[in-house]
Amino acid sequence: MTPDVRDRAERPPRIDFSNGAAGAIPESAWDRTLRLIGKADEIALACHVTPDGDALGSMLAVAFVLRSMGKRVVASFGDRHFAVPRLLRFLPGQEMLVPPAEYPAAPELLITFDTSTFERLGLLSDNAARAREVVVVDHHPSNAGFGTLGLIDATAAATAVLAEELIYRLGGRLDRDIATCLYAGLVTDTGSFRHSSTTPAVHEMASRLVATGLRTDEIARELWDRSPFAYLKVLAAALDRATLEDGLVWTYITRVDRAAYGLPYAELEGIIDIVRRTDEAEVAVVLKEDDQGSWQVSTRSKGTVDVGAACAALGGGGHHNAAGYTSHDSVEDTMTAFRRQLRKA
Ligand code: AMP
Ligand code: MN
Ligand code: MN
C-alpha cells in the first residue's frame, strides 16, 4: 500500500484490514452493492438517529462520492426534531441533508450507515421498509441483519472504515471534505485512537485522510474541546449525584437539569467519558433524559464485562465496551433492570 494520496487516485489500494478481518465482507456483497449503485439514478442514504461522528461522517463521505458520480443523493436521519448536533456542524456536505418529511417514501435504493437495527432509523424506518433495496453498512456486532444486503464487519473500528472501502471500490478519491467526514467517524469511534480497536490499519487510514490536508486540530476542538458554559453546570449536577456500587459507577441527567441552563440533549454525549474514568468501577452508566422524556442509557465497560450483550438484552445494542439502549421506566427501575442484566453478562 502506498502512503501517497496522488498515487492512490489512479490506483485505489486494497484496504489492508490488519486486524485479521480481511475478507470479512464477501466479494459478492461488494459486487452486488456496486451493481445496485450503478443502475440507480437516485440513492437515499440514512444513518442512525441522534447521529454521532461515525454515522453522519460515513454517510456524508459516501454522499459526496455518489454525487460526483452524477447520482441524485438524499441523505437524512430519522429524528423527530431534525437537527445536526452542534458538535458535528463543522462537517462539510450538510447541504445534502433533507429532513425526514422530504425523504423519498419508497426509495429504489437506500443505504444505511452505522445502524444496527431497523428501529435505529427512527422516522426513516418506514421509508426503509418500503425501499426496494436496503444496503446496510455497519460494524456493530449486535447488527440484527436487516435490509436486503449487508456490508457488515464487526471487526471494523468504525463504519467509516467500510465507507472508505466503498468509496475506493466506487472509483472515488479522497478530497479534504470527504476525508474530514471519514476522519470524524474514525476518531469518534476509536475514542481518539485510544480504544483497543485502534489497529495499525486504523492509523494507516488516518494517515491517508490527514494527507489530504484536513485540520486534525480543528476537528478535535469541534468534537471534544468546546461546549457552552451551561455544560459545566449540568456536568456538575451529574457528577454530584454519581453513585459507586460494586464496580458500577452511574449517574443521571434529567430534562429539568438541562432546561435550567438551556442545554440541548446532544451536548450530553461526552459526560460518559468523564464518568467512566472511575478507577473503582468496571462499568459506567449515564442515564440521559431526552426531550421526549425517555431515558437514553449510555454504558461503558473496561473489558471484562460485555455491556453490548446487556444492552442488547434490554432492547438496545452496541459493542462489547460501549453500548446503549432506551428505557421508558424510572431511573430506579432502569438501574434495577440493568444490574440484573450485568449479573448475567
Ligand atoms: P452512546 O453511549 O450513545 O455513545 O452509544 C454507544 C454505542 O451503543 C454506540 O455504538 C451506539 O450505536 C449504541 N447504542 C446507543 N444507544 C442505542 C440504542 N438505543 N439502540 C441500539 N444501540 C445503541
Ligand atoms: Mn454510531
Ligand atoms: Mn460506529
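An N or O atom in the side chain of Arg-300 lies 2.9 Å from an oxygen atom of ligand 1, a polar contact being a pair of N or O atoms within 3.5 Å. The side chain of His-140 places an N or O atom 3.0 Å from an oxygen atom of ligand 1, and for a polar side-chain atom of Arg-120 the distance to an oxygen atom of the ligand is 3.4 Å. Taken alone, ligand 1 exposes 480 Å², of which the protein buries 82% (Shrake-Rupley method, 1.4 Å probe).

This is a predicted model, in which local features need pLDDT of at least 70 and side-chain atom pairs count only at pLDDT 80 or more, whereas totals for chains, interfaces and linings use all residues. Residues are numbered from 1 along each chain as its sequence is written, ligands are numbered from 1 and chains lettered from A in the order in which they are written, and side-chain values use heavy atoms, with hydrogens and water left out.

In total, 13 residues surround ligand 1, and Ser-298, Ala-323 and Gly-324 are among the closest (a heavy atom within 4 Å). Strand β11 contributes the largest share of this shell, five residues.

Asp-54 and Asp-189 are both buried, that is, under 20% relative accessible area (1.4 Å probe, protein chains only).

Conventions: Buried means under 20% relative accessible area, exposed over 50%, partly exposed in between (1.4 Å probe, protein chains only). A polar contact is a pair of N or O atoms within 3.5 Å; within protein, one must be able to donate a hydrogen and the other to accept it, and residues adjacent in sequence count only if both atoms are side-chain atoms. Helices (H or I, at least four residues) and strands (E, at least two) are DSSP runs, numbered from the N terminus.
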